Amino acid sequence: MLTNNKNVLNWVDEMAALTKPDKIVWIDGSEEQLEELRNLSISIGEMERLNEEKLPGCLLHRTALNDVARVEGRTFICSREKENAGPTNNWEDPKVMYPKLRKLFDGCMKGRTMYVIPYCMGPIGSKLSKVGVELTDSTYVVLNMDIMTRMGADAFKQLGDESNDFVRGLHSKAQLDEENRYIVHFPEDNTIWSVNSGYGGNVLLGKKCFALRIASYQGWKEGWMAEHMLILGIENPQGEIKYISAAFPSACGKTNLAMLIPPKAYLEKGYKVWCVGDDIAWMRIGPDGRLWAINPENGFFGVAPGTNEKSNPNALASTRQGTIFTNVVHNLDDNTVWWEGLDKNPPKNAVNWKGEKWDCTDGSKGAHPNSRFTAPAKNCPCVSKEFDNPNGVPISAIVFGGRRAKTAPLVYQSRDWNHGVFVGSIMASETTAAATGAVGVVRRDPMAMLPFCGYHMGDYFAHWIEMGEKLGDKAPKIFNVNWFRTDDEGHFIWPGFGDNMRVLLWILARCEGKADAMETPIGYEPKPEDIDIEGLDIDLDTLKGLLDVDVDLWKEEAKGIHEFYAKFGDRLPEELKKQLATLEANLNK
Ligand code: GTP
Ligand code: MN
Ligand code: MN
């Protein structure tokens with residue numbers, strides 16, 4: 001046992017009495033213990049060790065075929081009152097859900113070992129960090145948690161001997177039975193129960209379950225914010241670094257932006273970009289009154305397909321050692337891994353994500369589209385030197401964004417904080433032809449938190465507004481970007497990726513009062529000549545097109561916002577109703 005904390009010890013006893021493992025192992029985080037677990041995991045066929053020269057310390061894992069993604073339909077927020085989960089979450093009464101899950105957990109670890117994983121979200125020693133304990137019967141979970149969090153004895157030190165402020169996570173693979181798969185959060189009890197899945201997003205309870213769903217609830221109660229945001233630092237040639245956090249829905253480019261490589265001309269001038277986080281930000285008001293952010297995670301759980309030397313060299317470099325690959329192709333010739341979009345040479349002698357011999361010429365995909373790498377942040381060539389800073393980094397700008405083919409311009413700035421909250425609340429992405437066949441179906445995803453907000457979304461908006469009141473004139477400026485405007489043939493107009501730096505620099509210039517702007521019905525926009533397009537394939541007219549606000553489209557948009565807002569009933573803050581009225585008045589001017 002690694003702790004004398006009675007709250008922890010009693011709870012572990014209680015959960016062991018329920019799940020009845022043969023053995024309980026406390027995870028101290030030592031290299032010896034981890035190596036033992038790796039060998040165990042390999043011996044039971046759960047993992048394979050990859051080429052020690054090309055991919056030192058790397059492992060390969062395949063999930064069950066029916067267990068390859070987060071399951072939003074089976075994800076629940078079980079607050080005591082239904083109204084507190086809100087219209088955007090699945091809800092069940094804890095009085096019903098606990099007994100139902102207890103039945104599934106009863107005796108489910110018989111013949112297995114229960115691992116007790118203490119972990120810290122955020123740097124050890126930081127006041128912004130929080131501790132969780134996950135109980136699991138999966139070595140895969142232990143080995144992934146080691147990469148994704150600060151795992152081991154230090155986490156119990158951070159908790160202390162008396163505190164009861166830790167998140168209680170219980171996970172069992174149980175039967176991997178799809179019908180009885182549940183990812184359930186009890187925010188008022190600091191508790192997460194996950195059963196019948198072995199897939200990362202469902203079982204690495206520190207990530208979406210704790211750091212977003214439970215933490216967003218805690219932030220609401222305690223006066224801080226847990227957000228689905230990347231954090232990056234931009235260093236100018238004088239060596240000053242300014243930090244930006246940005247929320248985009250899943251698969252809209254957070255990991256890419258967080259590890260951006262500036263265009264050559266900017267590198268030559270001395271600009272640098274530093275990655276603090278690629279998925280989650282916890283933000284608090286610091287002693288100086290500004291908003292400070294930490295990345296609660298310690299690694300990247302990234303989508304593998306499409307990651308390559310051109311699209312995201314920093315992410316790829318992060319996966320070259322100490323990484324766990326899930327559901328990718330196994331190249332048997334040199335015992336390495338492959339996925340679609342890595343390079344143009346699929347391996348000939350290979351096993352696909354299902355564990356079958358794979359013929360790359362038969363048209364089937366070798367890697368699952370949601371195959372993943374779990375990579376240590378310290379591997380990233382551009383990881384920020386503030387990564388472990390217990391104080392976090394001060395945020396100058398908050399950026400929202402999504403995939404919009406026509407509506408949203410390349411970039412605009414909100415008129416003030418509350419207008420910025422409005423801009424975040426109406427965030428949306430459109431489905432692409434490739435994905436569904438139906439083009440332009442708008443999916444609202446406020447602040448990119450739709451699947452991750454642990455309480456009523458209307459209360460969440462109100463919390464944002466309240467944070468703005470507390471921050472006053474020290475509040476970060478709020479912007480919206482859209483890298484995904486398309487031409488009539490459906491091609492992206494803006495080059496994106498590294499060139500997004502050009503937009504970020506206008507954003508920072510605005511924060512420092514060094515750039516002008518034009519008023520539009522939706523907010524402030526750059527003067528076209530203030531976005532540097534030198535060296536790009538697009539001319540000033542194209543840029544003007546990218547910044548164009550189509551009043552008719554926006555009138556349609558306003559109707560969609562009305563419909564969306566109607567869901568939240570009387571929990572929708574008055575301020576947001578006013579913002580919508582202002583937008584409509586501006587459009588009708
Ligand atoms: P989660 O990790 O699931 O929260 O998603 P994410 O926001 O990190 O998304 P990710 O970076 O994995 O998704 C990136 C997808 O967007 C890939 O298909 C990229 O090719 C594409 N993408 C990223 N940045 C840009 C850009 O600037 N322009 C264009 N056109 N595509 C981009
Ligand atoms: Mn990502
Ligand atoms: Mn995410």
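Buried means under 20% relative accessible area, with exposed over 50% and partly exposed in between (1.4 Å probe, protein chains only). By that rule, 58% of the 589 residues of the chain are buried. This is a predicted model: local features need pLDDT of at least 70, side-chain atom pairs count only at pLDDT 80 or more, and totals for chains, interfaces and linings use all residues. Residues are numbered from 1 along each chain as its sequence is written, and side-chain values use heavy atoms, leaving out hydrogens and water.

**Overall fold**
- The chain holds 17 helices and 30 strands (DSSP runs: H or I of at least four residues, E of at least two, numbered from the N terminus).
- Its C-alpha atoms fill a box of roughly 70 × 55 × 50 Å along the principal axes.
- Of contacts (heavy atoms within 4.5 Å) between residues at least 6 apart in sequence, 72% join residues at least 24 apart.

**Annotated N-terminal span**
- An unreviewed UniProt entry annotates residues 10-219 as "domain: Phosphoenolpyruvate carboxykinase GTP-utilising N-terminal"; such annotations may be inferred rather than shown by experiment.
- That span, residues 10-219, is 33% helix and 23% strand.

**Binding-site residues**
- The unreviewed UniProt entry gives "binding site" positions including Lys254, Arg372, Arg403 and Asn500.
- The annotated positions are spread over 250 residues of sequence and up to 25.8 Å between C-alpha atoms.
- Lys254 lies in helix α8 (residues 254-258).
- Lys254 is buried, at 6% relative accessibility.
- Beyond four places in sequence, Lys254 touches residues including His228, Phe248, Asp278 and Asp279.
- Asn500 sits in the loop between β28 (477-481) and α14 (501-511).
- Asn500 is also buried, at 4%.
- Beyond four places in sequence, Asn500 touches Leu257, Leu260, Trp483 and Trp494.

Terms used:
Chains lettered and ligands numbered in written order.
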